[in-house]
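Hello,

Here is the structure I promised to pass on. Please open it alongside this message.

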Amino acid sequence: MASEICKTISVARLEKHKNLFLNYRNLHHFPLELLKDEGLQHLERLYMKRNSLTTLPENLAQKLPNLVELYLHSNNIVVVPEAIGSLVKLQCLDLSDNALEIVCPEIGGLRALRHLRLANNQLQFLPPDFGSETLSTFLTHEDDMATSVPLHVV
């Protein structure tokens, strides 16, 4: 399995793919091949749904700076690194169905972000930076999120 993933990533790097599908691969760790050398500078969409990821690398934005869409739903992610705030082109971020307890405030600073999915996590509150204007701009509301969104935001 590991060699298949490395081959997929190597082909994407060589052929300058804009989309990379790593769904359903039973990944427990973010593939180091994605972060090797200069990373995948041309990659715009990364699909990593339904794996077993628990963390994201701190250098994600440095190695994948042109990400526009990042799909990480149905993993076991507990924490999103502050460095995610450096993905300045990010328009869609799906973190639904993970194990998030908090959301780093840096996500609120992503000006290009239009869609943020956080449903089905362990969220107790959202950062104060996530005011009602921010949420109405890009947070995808889910029925079960109403219990997780603080009263000052709803």
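The mean pLDDT is 86, and 82% of the residues reach 70 or more. Residues 143–154 are the stretch to watch: pLDDT stays under 50 there. The model has 17 contacts beyond four places in sequence for this stretch. Where pLDDT is low, the predicted coordinates should not be read in detail.

Now the fold. The protein has three helices and five strands. Along the sequence they run α-β-β-α-β-β-β-α. Of the 154 residues, 49% are buried. Take the contacts between residues at least 6 apart in sequence: 44% of them join residues at least 24 apart. The accessible surface is about 7,900 Å², with 52% belonging to carbon and sulfur atoms.

Next, the aromatics. There are two aromatic pairs. Phe21 and Tyr47 are stacked, 4.5 Å centre to centre with 10° between the planes. Phe21 is in strand β1 (residues 19–21) and Tyr47 in strand β2 (residues 45–47), so this pair ties together parts 26 residues apart in sequence. Phe21 is partly exposed at 47% relative accessibility, while Tyr47 is buried at 18%.

Tyr47 also stacks with Tyr71, at 4.7 Å centre to centre and 5° between the planes. Tyr71 sits in strand β3 (residues 69–71), so the Tyr47 pair with Tyr71 ties together parts 24 residues apart in sequence. Both of these tyrosines, Tyr47 and Tyr71, are buried. Phe21, Tyr47 and Tyr71 form one aromatic cluster.

Best wishes

Technical notes: Residues numbered from 1 in each chain as written. Predicted model: local features only at pLDDT ≥ 70, side-chain atom pairs only at ≥ 80, totals over all residues. Heavy atoms only, no water. pLDDT = per-residue confidence, 0-100. Contact = heavy atoms within 4.5 Å. Helix = DSSP H or I, 4+ residues; strand = E, 2+ residues; numbered from the N terminus. Buried < 20%, exposed > 50% of the residue type's maximum accessible area, 1.4 Å probe, protein only. Areas by Shrake-Rupley, 256 points an atom, 1.4 Å probe, with all protein chains shown as cover. Phe/Tyr/Trp six-rings, centres within 6.5 Å; stacked < 30°, edge-to-face > 60°.
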